[in-house]
Amino acid sequence: MNPQPDLDAAWAGVFAEADKARSRRIADLFAQPDRAERFSARALGMLFDYSKTHIDGPARAALLALARAARVETMRDAMFSGARINRSEDRAVLHAALRNLSGTPVLLDGQDVMPGILDTLERMKAFASDIRSGRFTGQVGAITDVVNIGIGGSDLGPAMATRALAPCHDGPRCHFVSNVDSADLADVLRGLDPATTLVIIASKTFTTIETMTNAASIRDWMAAHVSDPAAQFVALSSATDRAADFGIPPERVFAFEDWVGGRYSVWGPIGLSLMIAIGPEDFTEFLHGGAAMDAHFRDTPLADNLPVLLALVGLWHHQAMGFATRAVLPYENRLARLPAYLQQLEMESNGKRVGQGGQPLPHGSGPVVWGEPGTNGQHAFFQLLHQGTGIVPCEFMIGAAGHEPDLAHHHRLLAANCLAQSEALMTGRGLAEARALAAAEGYSGDALNAQAEQRVFEGNRPSTTLAYPRLTPRVLGQITALYEHRVFVEGVILGLNSFDQWGVELGKDLAKRLEPLVSGDIPPEDVNPSTALLAAYLRAPG
């Protein structure tokens, strides 16, 4: 017997609406004069417009019915209550507690976790203030540069947010090293003074091989110039004993619990580099923005709930309409790292093959997520978005204003490009118009026909736009939490666990086994001949 007949029926309803949608043009839906308002939602000063999609009233109703059948509201409440919804690892999912400044307790197994979180936050603020003011002097003077060593969520979150909030920087310069490729470390260290550099090692277990390899190398770099290199190291880790072995005392170790996943961790100690760059007050504003989105997600009906709507549009495009990828296109150059951040957030969270009970997923996993800031992307891959044979739903983002009033004309041009791209994707250009343009340039006969076909845009390609007032710490917090909750809703509806990442383990295990082969320390036995061939070449190219 099927244990989820309501959910299966809801999926069937969504697929039925998608079948109808394939034969209609998005532009025709705007025959309803109020479509833009009816198919958009506002919250916390932001506007999410999904009217340029194939979704109509019945399709939206079917998607909302799907969310209810999947018990999104029940699972949402379970997450915030501290239930162990990460079943494969038997863990709660409480990263939202890191941004809870309301005074409301957050219980885990009957114990309030907030005192520990707030104590760590106050320690972070005190330490960041000491760095920023020069009270923490290292060994020869004030800290001028901070190097954060991490990978995955220990890098992408703070690197994305630190770049995004560049107008708020008034502390030491912050740099990020993630790749075990020596070029990453060498390029960052070039030009830095070891005597005035603080190094943050971000690794929950203090065993992540890429991070600890980089940490050991930068310690050697510092040891050649200062008497006690460990005196300028900080650990963001729960492994205080391993940090102590490295030479880092407890007062410079900032721990976080296993109910905070790496890709959800920028709100706590992993965000220390961001706090040093922008200051405790602006970091607190970032937390307030995330908390405001938490409240919106918890308290707003599904039909007006931004994370729910983003998730439903995503499921509509990938599962129902069959579009394989999703392009994230921030028209905000300081959000250049956001596509990569969301790539990890979505693809590590929802890139699964089985559900919570180990059964194959009936409707697949999440899409491929990629992107680049506008307008750069327009001159790189938008050709495919407009005229390629596959359809890529586009997610535009744009602020109403920038941070440079004397360059406001730049921002107006940026905004015009953003609006033009979503309009062009939807409306396209027909053959008759293309022929007229080519004829006006003097083409005729067969050349006219060929030129006209080259200039046809089919249009009818969906997009959404998230607009916000200005990219401030609070707004960035709102956006970051918005996408966290969007991924959660998608995972709940797909029936998978968004909070484990077993898919990264196999490659890591094999890398440990193959390093001696690359070094030539072991013979090429028990490996694929292709791997043995490549290892031999890497040892002796030519």
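This report describes aromatic rings, charges over rings and a few loop residues in one protein structure.

The structure is a predicted model, in which local features need pLDDT of at least 70 and side-chain atom pairs count only at pLDDT 80 or more, while totals for chains, interfaces and linings use all residues. Residues are numbered from 1 along each chain as its sequence is written, and side-chain values use heavy atoms, with hydrogens and water left out.

**Aromatic pairs**

A pair of aromatic rings is described by the distance of the centres and the angle of the planes. Rings of Phe, Tyr and Trp (its six-membered ring) are taken to pair if their centres lie within 6.5 Å, and the planes count as stacked when under 30 degrees apart, as edge-to-face when over 60, and as tilted for the rest. Across the whole structure, a search finds 16 aromatic pairs. In one of them, the ring centres of Phe283 and Phe286 are 6.0 Å apart and the planes stand at 50 degrees, so this pair is tilted. Helices (H or I, at least four residues) and strands (E, at least two) are DSSP runs, numbered from the N terminus. Both Phe283 and Phe286 lie in helix H11 (residues 280-299), 3 residues apart, which is about one turn of the helix. Both residues are also buried, a term that means under 20% relative accessible area, whereas exposed means over 50% and partly exposed lies in between (1.4 Å probe, protein chains only).

The rings of Phe488 and Phe499 form another pair, with centres 6.3 Å apart and planes at 40 degrees, so this pair too is tilted. The pair links distant parts of the chain, since Phe488 is in helix H18 (residues 473-494) and Phe499 is in the loop between H18 and helix H19 (505-519), 11 residues apart. Phe488 is buried, with a relative accessible area of 3%, and Phe499 is buried as well, with 11%. Ring pairs join Phe488 and Phe499 with Phe80, Tyr264 and Phe297 into a cluster.

**Charges over rings**

A charge sits over a ring if NZ of Lys or CZ of Arg is within 6 Å of the ring centre and within 35 degrees of the ring normal. Phe80, a member of the cluster, has Arg298 over its face, at 5.0 Å from the ring centre. Elsewhere, the charged end of Arg219 sits over the ring of Phe246, 4.0 Å from the centre of that ring.

**Loop residues**

The table gives the backbone angle phi of two residues other than glycine, for each of which the value is positive.

| Residue | Phi | Relative accessibility |
|---|---|---|
| Leu44 | near 55 degrees | 34%, partly exposed |
| Phe206 | near 60 degrees | 5%, buried |

Leu44 is placed in the loop between strand E1 (40-43) and E2, and Phe206 in the loop between strand E7 (197-202) and helix H8 (209-223). Another loop, between strand E11 (368-371) and helix H14 (382-387), holds Thr375, and the peptide bond from Gly374 to Thr375 is cis, with omega near 10 degrees.

Ser51, in the loop between strand E2 (46-49) and helix H3 (57-69), counts as buried at 1% relative accessibility. Leaving aside neighbours within four places in sequence, Ser51 is in contact (heavy atoms within 4.5 Å) with Ile26, Phe30, Arg35, Ala36 and Phe39.
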